[in-house]
Amino acid sequence: MTKVYFVRHAQSDSSVHDDRARPLTEDGRRDSKAVAWLLSGRNISYIASSPYTRTVETISPFAELSGLKINTYEDLRERSAGGWHGDNFFYFIEKQWADFNYHIEDGECLREVQERNIRVLKNLLAEHNGENIVVATHGTALSTMLNYYYPRFDFEYFKKIVNFMPFVIRLDFEGDMLVNYQVELIIHKEYKS
């Protein structure tokens with residue numbers, strides 16, 4: 001059995017508008033230590049992460065504690081919203097969940113996000129069969145992967161986890177077939193776009 005611990009990043013600093021470079025808040029840095037503590041006894045052999053600063057900062061305390069390298073994968077990045085600058089970001093997100101092909105100019109649809117994330121996950125499952133690994137990622141990216149295995153994981157479920165930062169959920173696989181899942185950690189923080 002392969003156990004994948006998905007780690008949604010801790011609270012990030014919404015005043016930084018560069019999505020790739022957005023760091024964690026002070027609270028987020030403190031909360032990332034809870035992630036390290038949780039994962040420390042889980043016999044983790046590999047860390048995969050989005051290259052975005054907030055995901056790397058979230059998993060760094062565990063990487064330092066365990067002595068493992070953080071391996072970044074561009075395809076684990078968050079969804080590109082393109083030029084969206086509207087006041088009601090949830091309106092845009094709801095439209096995307098209603099139609100997985102919906103996107104605005106220069107943005108990604110959820111189908112594209114899901115496909116690239118699942119491609120990375122399936123490669124990791126093949127390369128690390130029987131191991132315990134970590135995948136550090138983002139709320140939308142993680143949600144599309146959960147939706148791939150549980151189609152009923154929709155916009156309503158997404159809204160429930162939007163304020164979980166960090167959020168750790170373990171998915172257990174036999175080969176590339178999901179056989180079980182377990183929520184491991186929830187820390188509530190207000191989402192700010």
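In this predicted model, G107 counts as buried, because its relative accessibility is 15% and the cut-off for that label is under 20%. G107 lies in the loop between α3 and α4, and its C-alpha atom is separated by 5.1 Å from that of S80, although the two residues are 27 residues apart along the chain.

| Residue | Relative accessibility | Class |
|---|---|---|
| G107 | 15% | buried |
| R170 | 13% | buried |
| N43 | 64% | exposed |

N43 has its place in the loop between α1 (26-39) and β2, and its phi angle is near 55°, which is a positive value in a residue other than glycine.

Which residues of α4 are buried? They are L110, V113, Q114, R116, N117, I118, V120, L121, L124 and L125. An α-helix has 3.6 residues a turn, so residues three or four places apart point the same way. The buried residues of α4 are covered by parts of the chain that include the strands β1 (2-8), β2 (44-49), β4 (132-137) and β5, together with the helices α3 (89-98) and α5 (139-149).

Strand β5 also holds R170, a residue that counts as buried at 13% relative accessibility. The side chain of R170 makes a polar contact with the side chain of E184, at 2.9 Å. When neighbours within four places in sequence are left aside, R170 is in contact with K3, V4, Y5, N180, Y181, Q182 and E184. P166 is likewise placed in strand β5, and the peptide bond that leads from M165 to P166 is cis, with omega near 5°.

The second largest pocket contains about 290 Å³ of space. Of the 13 residues that line this pocket, L146, F153, Y157, I169 and Y181 are the closest to its centre. What kinds of residue make up the lining of the second largest pocket? Eleven are nonpolar and two are charged, while no polar residue takes part. Helix α6 (155-161) and the strands β5 (164-174) and β6 (177-188) each supply at least two residues of this lining.

Key. Residues are numbered from 1 along each chain as its sequence is written. This is a predicted model: local features need pLDDT of at least 70, side-chain atom pairs count only at pLDDT 80 or more; totals for chains, interfaces and linings use all residues. Side-chain values use heavy atoms; hydrogens and water are left out. On a 1 Å grid over the protein atoms alone, a cavity is a set of points where a 1.4 Å probe fits but cannot get out, and a pocket is an open set with protein on both sides within 12 Å along at least five of seven lines; lining residues have an atom within 4 Å of a point. Grid points are joined across faces, edges and corners, and a volume is the space filled by probe spheres set on the points. Helices (H or I, at least four residues) and strands (E, at least two) are DSSP runs, numbered from the N terminus. Ala, Val, Leu, Ile, Met, Phe, Trp, Tyr, Cys and Pro count as nonpolar, Asp, Glu, Lys and Arg as charged, and the others, Gly among them, as polar. Buried means under 20% relative accessible area, exposed over 50%, partly exposed in between (1.4 Å probe, protein chains only). A polar contact is a pair of N or O atoms within 3.5 Å; within protein, one must be able to donate a hydrogen and the other to accept it, and residues adjacent in sequence count only if both atoms are side-chain atoms. Contact means heavy atoms within 4.5 Å.
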